[in-house]
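Please open the structure in your viewer and keep the selection tool at hand. The tour moves from one selection to the next and says what is found at each stop.

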Amino acid sequence: MKPVCLLLVTCSLCAFGGVVVPVAVPDVAHKTMEEDFPLSLYVDYGSHEPVFHPTSVSVNLPMIEVLQHRRAYGAVDAGETLLPYAPLPADARMLGALDIDHDGEGVYWMVDGGPRVFFRDTERGIERQWRLWGHLNLSEIATSPGSDKVWAYDACRGHLLLFDKRMPWCFTRYQFDRPMDITGLVVDENELYLLDSSEDGQVIFQFEIGRFSLEYQQSWRVLGFEDVLITDLALVPEGGFLIATTDPELSLVLIEDKQTEPESPIAHAGELAVVDQIALPEDVKQPSGLYRDALGRWFISTDQAEIFELDAGFGSVGRFEVTYENVACNQGCTEAVSGTGDSLHILTDEGYVARYQRDGTGFQYREEFSTAYQGSSGEDLVFSGLSYRPDTQTFYLLSDAPDADQADMLLEVDASFNELSRKTLSYSGELSGSLFEYDAAGVQYHNGKIYALSDLYNTLLEINLDGEIQRAFAIDREVLREPSDLFIHEGLIYMVGDHENEEPTPPVTVFALPQ
């Protein structure tokens, strides 16, 4: 009889939420997160109503799904340059939900503010619902396809609930040692992230999930949204979060930790010495590329798909907008600019280079070339930098792999962008991380070497033509926080940097070229 009694007691405790796990939330100084990209400002809504007061977001790239409670359910296609939005099929159950989370393709878990948990598998036509015992106001839900557990938030008591997907009515309570008002919940393998709005400001907490515990790891105060409510958050694969807010314009915003400096996988040989800083004209915003022609004129590409022509002292001369035959440019489309004689070559992140040629009235579009080169596993290579080598009349591109396990390639191509050679990026010394975590924000050929910028690590890489990194140099973040491209001239490195919409454009920073 004892095993039967024990089973009955356990099931009773489970079904009534009688098992309570205490969770300690230490009183510590928070790190900070701030706006990285105002996604909603660049979404193409077409004939549809813009997203307003979203209550739930989920990132399942390339799609970003957005729920507006009792109004609409739709998705932004992040795989398309114009970021088009389109409604998704949704019935009254989905529109009535306060939060929705994915559990694989076409599989959803939902809560609507009451005591019920809803499950739907659209692929197999299965729909279930369970009423959990007690006075519950379930407002957040989170799971992951690789887990057999689901987390939910009870806004009535301020507790988290954990239940098994096979027995949703049987749950364990997680009780915090201080009041919490959770408006966002995310699970990623053994990590749980929650957004707490109970403090002065809104804070994201990270906990490690144990067998019967939640252990605090770190936390971030979200800056810049003190006057609005953050209604949900979702993890972004490249790092950081996508948040939904009640701001009419900034309803969807990417945020990241810009204060914590990641450690460069290669130890720095030194720090670049600053020689000068030169202010740019006020209308130059968010520079992405930098090039100097043989006559001493400077050209800067920007995230707004435009080219600025500047004189030797970086004074304004002219401007033109960049268009492509095969690409409809949106924010951040143009990545780099280089040139040959009277032509400019402008790289886009969509796999094309446009050639513009100077004539009597300015620069005119002439042709474009594909950069649809593939990696060793058949994946499309992505490039953010382009540089011309005059003595061989060839171009160099350095790929920027999105995955730390995917090799980066140094490609040499001819004037028609036919591939001539490729080398895998390598390093013979000691590494403290993956070599392929470096992002190639800018590339420059100079005197038999390739110089590449990593804005993630604020590092300049010196690379030989076999693709082997020779040295790495630190760039002081107080001087230039987000370097986006470089050009080397007469022993000096000229760098431009990116910035957020509300920030001023950083000056051109001039460094001494290391010997």
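The stops below go from ring pairs to nonpolar cores and then to a sheet.

This is a predicted model, in which local features need pLDDT of at least 70 and side-chain atom pairs count only at pLDDT 80 or more, while totals for chains, interfaces and linings use all residues. Residues are numbered from 1 along each chain as its sequence is written, and side-chain values use heavy atoms, with hydrogens and water left out.

**Ring pairs**

How many aromatic pairs does the structure hold? There are 28, where rings of Phe, Tyr and Trp (its six-membered ring) pair if their centres lie within 6.5 Å, and planes under 30 degrees apart count as stacked, over 60 as edge-to-face and the rest as tilted. Select tyrosine 45 and tyrosine 85, a tilted pair with 5.5 Å from centre to centre and 55° between the planes. Tyrosine 45 lies in the loop between β2 (31-37) and β3 (56-60) and tyrosine 85 in strand β6 (residues 85-87), so the pair ties together parts that are 40 residues apart in sequence. Strands (E, at least two residues) are DSSP runs, numbered from the N terminus. Both tyrosine 45 and tyrosine 85 are buried, that is, under 20% relative accessible area (1.4 Å probe, protein chains only).

Next select tyrosine 396 and tyrosine 445, which form a stacked pair, 5.7 Å centre to centre with 10° between the planes. Tyrosine 396 belongs to strand β33 (residues 394-399) and tyrosine 445 to strand β36 (residues 442-446), 49 residues apart, and both tyrosine 396 and tyrosine 445 are buried.

**Nonpolar cores**

Now turn to the largest nonpolar core, which has 34 residues; such a core is a set of buried Ala, Val, Leu, Ile, Met, Phe, Trp, Tyr and Cys residues joined through side-chain atoms within 4.5 Å. Among the residues with the most contacts inside this core are Tyr373, Leu386 and Phe417, and the elements that give two or more residues to the core include β33 and β36. Apart from this core lies another, of 27 residues, among them Phe314, Val322, Tyr494 and Val496.

**An open sheet**

Finally, select the four strands that form an open sheet in the order β23-β42-β41-β40, with antiparallel pairing; two strands pair if DSSP finds at least two bridges between them. The edge strands, β23 (274-278) and β40 (483-489), each pair on one side only. Four bridges join strand β41 (residues 492-497) to strand β42 (residues 508-512), and methionine 495 stands opposite threonine 509 in β42.

Technical notes: Buried < 20%, exposed > 50% of the residue type's maximum accessible area, 1.4 Å probe, protein only.
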